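The sequence and model come first.

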Amino acid sequence: MAVDPDAVDAAFFDELRRHYSEAEIVELGAFIGFNLGYHTFFGTLKFYPLFSPDGRLVSQVESEKLYGAAPASLKSEAAE
Amino acid sequence: MSYIAPLPPDAITDPELRALIAEGEALGVPDDLFPRIVARAPEQAVPLMRALLMSHARGNVDHKLKEIMRILLARFANDKYFASLRSRKARAMGLTETRIDEGCFAYEDAGKGFSEAEKCALRYADLMFLDANQVDKAFYDEMKKYWSEAQIMELGAFIAFHYGMAMFMRSLGAQAVG
């Protein structure tokens, strides 16, 4: 839906129906639409979680280092 | 009409949802297709309809401006359903099709008479999904010249929600009847 909405066609919905009820497909579609919109909006506001992964209350500057464009936590995992 | 068929109107018995559908039909946005589709997931339908109506028709930003922004977003999402709907309230307030097209395609033109505040809000809707990187600190500083922080949050949430629902309805191949 986000990257190539034209690929979400009748055949795609036929495939979805093999695995999900129509109620579940509506729930998923609305959920995806909602997140597509809000995560883009939130991204423009540049705010980050109040707590570090180990539960410490952190400043927005420190939080950006932990969760921003190059998250420290992901870098440390990649090094392992 | 849609990859997911809407429920028949008489299959919807929840009085709260029926009242919200009536409110949407009176406004013109949405007509009853959107809620009859989302009513297939009943627990989702009421909050989605409430958010859609509240963000569009209430708040502290001019409804006519929001109506132009909503259509701009639906056109950008290539969603024929929401792009074809029109707010009767905005029309009664004097919004015309010509003004909608000017707001969607030519709001930066000096001759079109949009205020700096309106241009900034329309740019917000335009850029959010075209190039969100341009919606940066400098952009928000410019917004704050014309809008309160409450109004900026109202506009941002409105843009996010209506674009998301437009993409959802596009994915369903939905088109308004009539």
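## Helix packing and chain contact

In this predicted model, the axes of helix H4 (residues 63–76) of chain B and H10(B) approach within 9 Å and cross at roughly 40°. The crossing of H4(B) past H10(B) is right-handed.

From H4(B), the residues Lys66(B), Met69(B), Arg70(B), Leu73(B) and Ala74(B) take part; they meet Phe158(B), Ile159(B), His162(B), Tyr163(B) and Ala166(B) of H10(B). By class, this contact of H4(B) with H10(B) has 7 nonpolar, 1 polar and 2 charged residues.

Helix H10 of chain B covers residues 149–171. At 1.5 Å a residue, its 23 residues should span 33 Å, and the end C-alpha atoms are 33 Å apart, which agrees. Just after H10(B), Gly173(B) has a positive phi of about 65°.

The contact between the chains takes 21 residues from chain A and 25 residues from chain B. On the side of chain A that touches chain B, helix H1 (10–19) and helix H2 (22–45) of chain A each supply at least two residues. H2(A) gives the most to that side, with 16 residues.

The table divides the residues on the side of chain A that touches chain B by class.

| Class | Residues of chain A touching chain B |
|---|---|
| Nonpolar | 13 residues |
| Polar | 6 residues |

Note on methods: Residues numbered from 1 in each chain as written. Chains lettered and ligands numbered in written order. Predicted model: local features only at pLDDT ≥ 70, side-chain atom pairs only at ≥ 80, totals over all residues. Helix = DSSP H or I, 4+ residues; strand = E, 2+ residues; numbered from the N terminus. Expected span 1.5 Å × (residues − 1). Contact = placed C-beta atoms within 7 Å. Nonpolar A, V, L, I, M, F, W, Y, C, P; charged D, E, K, R; others polar. Axes fitted to C-alpha atoms, helices over the stretch in contact; angles between N-to-C directions. Left-handed = near helix turned anticlockwise from the far one by under 90°.
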